[in-house]
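Please examine the sequence and the structure shown below.

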Amino acid sequence: MHRTLIKLLRRVDIRYVYRFMAVCVIPVAMVFSPGSRIAYQYFRKRRGQGCWQALLSTYRNHCLFGQTVIDKFAMYAGHHFEVHSTGHEYFYAHVREDQPVMLLNAHVGCSEMVGYNLSQTKPCNVLVYGGEKQEVMEYRKKQFADMGIKMIPVGTDGVDIMEIVDCLDRGEALSVFADRFMNPKKVLHSTIHGFKVKLSRGPFALAVNRGLEVYMVLAMKQQDGSYDGRIIYLDYDKTLPHREQRQQLVDLYTAEIEKILEDYPLQWFNYFNIWEDE
């Protein structure tokens, strides 16, 4: 299916693929996908929308998510998407060559687009789900081949934790999604839209324990098909006790997610229940 989609995107206008998906795929996905229920509850309970408005927002949210997925495959097929980036000048100016950094992503927009379109000043290691199809992993490798970007598979038994430690010891960048959790006993608590959420403790604890500079990397799809790429510095106080540093860092992270969602309310693609009151 992946190979067929890539071949199709080499020959067909991407807008036709969007339309087919919106009419034939999204309605079915909304009926059978657990993520659609989580998205609906997000718009209904967290954004305070009425039933029909929340349902429409869920549909539009799924359409946008589908478009970002198609865009990634279009990149594999040779398409180029314009990314209007802010914050990368600060990143390049302040990150030393020998200084490891952490890049925190979130399931908002399509942060992968930033990696495809910005040059790297240092090698970057991206944590990706190791259970993805081999074809997807291979296409990613081709796209990242000349950009100094390496993928570290996680979420499988074959994960080598030392790869993560070694890349930081070498002064490289580590990119990780931080808005989900695997172990409910290892979480940090914060708020989004005034509601309590649980996030994985691991990325924040690693950053604090090693005294890393931390940036958020996000890219939101715009109406003209381009992306609004943002690199945001999370300036937490490294003189505080580690516990307070972790909390400050996670609060800065969720505050930035809130700000982005005010500008792009339909691009919250975290179909994982992080809310404490569920």
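In which segment does Asn270 lie? Asn270 is placed in the segment after helix 10 (242-263). Helices (H or I, at least four residues) and strands (E, at least two) are DSSP runs, numbered from the N terminus.

This is a predicted model, in which local features need pLDDT of at least 70 and side-chain atom pairs count only at pLDDT 80 or more, while totals for chains, interfaces and linings use all residues. Residues are numbered from 1 along each chain as its sequence is written, and side-chain values use heavy atoms, with hydrogens and water left out.

**Asn270 and its surroundings**

Asn270 has a relative accessible area of 2% and is therefore buried. Buried means under 20% relative accessible area, exposed over 50%, and partly exposed in between (1.4 Å probe, protein chains only). Not counting residues up to four places away in sequence, Asn270 touches Ile38, His107, Asp179 and Arg180; contact means heavy atoms within 4.5 Å. With Arg180 there is also a polar contact between the two side chains, at 3.1 Å. A polar contact is a pair of N or O atoms within 3.5 Å; within protein, one must be able to donate a hydrogen and the other to accept it, and residues adjacent in sequence count only if both atoms are side-chain atoms.

**The chain as a whole**

The protein chain contains 10 helices and nine strands. Of its 278 residues, 50% count as buried. Among the contacts with a separation of 6 or more, 75% are between residues 24 or more positions apart. The accessible surface comes to about 14,200 Å², and 54% of this belongs to carbon and sulfur atoms. Accessible areas come from the Shrake-Rupley method with a 1.4 Å probe; for residues, only the protein chains shown count as cover.

**Salt bridges**

Side chains of opposite charge can pair when their charged atoms come close. The structure holds 11 salt bridges, a salt bridge being a side-chain nitrogen of Lys or Arg within 4 Å of a carboxyl oxygen of Asp or Glu. The table lists some of them.

| Pair | Closest N to O separation |
|---|---|
| Asp71 and Lys221 | 2.8 Å |

Arg47 is partly exposed, at 25% relative accessibility, whereas Glu262 is exposed, at 51%.

Asp71 and Lys221 also meet in a salt bridge. Asp71 lies in helix 4 and Lys221 in strand 8 (residues 213-221), so the pair ties together parts that are 150 residues apart in sequence. Asp71 is buried, with a relative accessible area of 0%, and Lys221 is buried too, at 6%.

Arg230 and Asp228 are both buried. Together with Asp263, these residues are linked in a network of salt bridges.

**Cysteines**

How many disulfides does the structure hold? The structure holds zero disulfides, a disulfide being a pair of cysteine sulfur atoms within 2.5 Å. Cys167 is in no disulfide, and its nearest cysteine sulfur, that of Cys124, is 8.6 Å away. Cys167 counts as buried because its relative accessibility is 0%. Cys63 is likewise buried, at 10%.

Cys110 is found in the loop between strand 2 (101-105) and helix 6 (112-117). Its relative accessible area is 6%, so Cys110 is buried. Leaving aside neighbours within four places in sequence, Cys110 is in contact with Thr68, Lys72, Ala219 and Tyr227. The C-alpha atoms of Cys110 and Asp228 are separated by 9.7 Å, although the two residues are 118 residues apart along the chain.

**A backbone angle**

Most residues other than glycine have a negative phi. His193, which is not a glycine, has a positive phi of about 60°. His193 is in the loop between strand 6 (187-192) and strand 7 (195-200). Is His193 buried or exposed? His193 is buried, because its relative accessible area is 17%.
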